[in-house]
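Please look over the sequence and the fold before reading on.

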Amino acid sequence: MSPPTALPDAAVCEQARLSRDARFDGLFFTAVRTTGIYCRPVCPAPAPRAGNVVYYPNAAAAEANGFRPCLRCRPELSPADGSWHRGDHIVARALALIDAGALDAQPLSALAARLHVGERQLRRLFVERLGAAPIGVRGTRRLLFAKQLLTETALPVTEIALASGFNSLRRFNSVFQAAYRMPPRELRRAPPQHAHGDALTLRLGYRPPYDLPAMLDFLRGRALPGIELVDGSSYSRVIGPAEAPGWLRVDAWPATRSEPAPGALRLSLHGCPPARMQDTVQRVRRMFDLDADPGVIAAHLAGDTRLAPLLRARPGLRLPSGWDGFEIAVRAVIGQQVSVAAARTLTARLSQRFGAPLPETLAARGFAHVFPTPAALVDADFDGLGLIGSRIATIRGIAAALLDGQVDFDRSRTLDDFVARWVALPGIGPWTAQYIALRALGHPDAFPAEDLVLQKTLPTDGTRMTANALRAHADAWHPWRGYAVFHLWREAATTVPARAPGPAPVRTSATRRRT
């Protein structure tokens, strides 16, 4: 099978490989026929002869053609190609489901059915766009994750096999040996690279630039006491169920003399069992928007003269997603037409009353409870929390709808389908549904056109746009409208004492007369 055409031009790849251009890291891989190894374009090894090189768009395509990963440049650390990781395209939604483990216990036909396409069509799309079939993509990701754990941690090989999605150590050893021509323990000859106390530390790569201070600032203003801790350089939160809790910390990967700009975040995991490890890593990647390609997004949005200066001022601004969909949905309902501080206070009261308490060992670190589950809130008594009756009814309705499957956070859905299901619930309007899509799914094109801050911030003459006018203006921003939303929110938050993002007040005939 020849490499697919979704590659940079061959001459561009060749120049990027010879110059070790970091801008192309993750956009293609260099495979060497004489060695059977594939590398990142930034690999520090001596450059092979051009006649021995073949280029592939991703690691799965290289491995599907029999190449194994370089131990020096470590392809598992390359930033993702954001063009196929986000949005409504069938391949993007399929990749999101594969990341969530959709093929771990179900066949490819089940994945295709969730996407409403045929199995043959799904396989064809993957081969055309990515150069490898869905099963191959899933297999490569499992093995590269295992390779990272083998290299960076002191986890026993048995636990690494479980963390990588293998139910049997024998099966893991066999697959690893067949793909990489070495047993897993071969990578254990050197001590773990990033061992740090009792924490399991992993490097999560991204494509620069990345505005971590802005991300932390957004999360800090919404951090829930007892669940999250955010300071000037890191984010921490409790994870897992109250019966088996753990916690994580995310901060910048330390710079070194050999690597002054690492292009990665550091994830420290405490008490995370192997079976939850891959899901935890994917949640953190989504929460911190590590798979975005800021260059592609900025090039698209910069055609709007209103957005161009914002993009130049904050080239690394990302979409701050949330850890848990239900938590974000409750926050969104409570935050309707109130300030960020007020919404945080009310949500904190709710989580303190109904969230299951944590052991003293975690309480000593500042973690007191987990966020309540839908089952805990569906029939809960909200008296005394300060919530109005309509908000209480909406939260109960969301909890019930999630329990009976009326709504969900299924990443196989298109944005329109997701929003339509949520607005069918009482108390959920277009703004709330789009906000949930933006922050619970990290959908790059979610757009709450009813947002008052957006309606006032986009015009520069002091007027306020209608939702329809704002939506029409934003048509040119597809499929990255969500990034424009956060640039405008950020500008509003840093230039004037801004109102919290939220739906504009509904103007009835009575309010129009008062106005």
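Predicted model: local features only at pLDDT ≥ 70, side-chain atom pairs only at ≥ 80, totals over all residues.

Residues are numbered from 1 along each chain as its sequence is written, and side-chain values use heavy atoms, leaving out hydrogens and water.

**Helix pair H3 and H6**
- H3 (residues 90-99) packs on H6 (residues 134-152) at about 40 degrees, with the axes 11 Å apart.
- Leu95, Ile98 and Asp99 of H3 meet Pro134, Val137, Arg138 and Arg141 of H6 (contact: heavy atoms within 4.5 Å).
- Four of these contact residues are nonpolar, none polar and three charged (charged: Asp, Glu, Lys and Arg; nonpolar: Ala, Val, Leu, Ile, Met, Phe, Trp, Tyr, Cys and Pro; polar: the others, including Gly).

**Helix H19**
- H19 is largely enclosed by the rest of the structure, because 10 of its 11 residues are buried (under 20% relative accessible area, 1.4 Å probe, protein chains only).
- Its buried residues pack against H9 (212-220), H10 (274-287), H13 (325-334), H18 (415-423) and H22 (481-495).
- Just after H19, Gly442 has a positive phi of about 65 degrees.

**Asp451**
- Asp451 sits in the loop between H19 (430-440) and H20 (452-457).
- Asp451 is buried, at 0% relative accessible area.
- Beyond neighbours within four places in sequence, Asp451 contacts Trp431, Trp489, Pro501, Gly502 and Pro503.
- Of these, Trp431 is also among the buried residues of H19.

Technical notes:
Axes fitted to C-alpha atoms, helices over the stretch in contact; angles between N-to-C directions. Helix = DSSP H or I, 4+ residues; strand = E, 2+ residues; numbered from the N terminus. Buried < 20%, exposed > 50% of the residue type's maximum accessible area, 1.4 Å probe, protein only.
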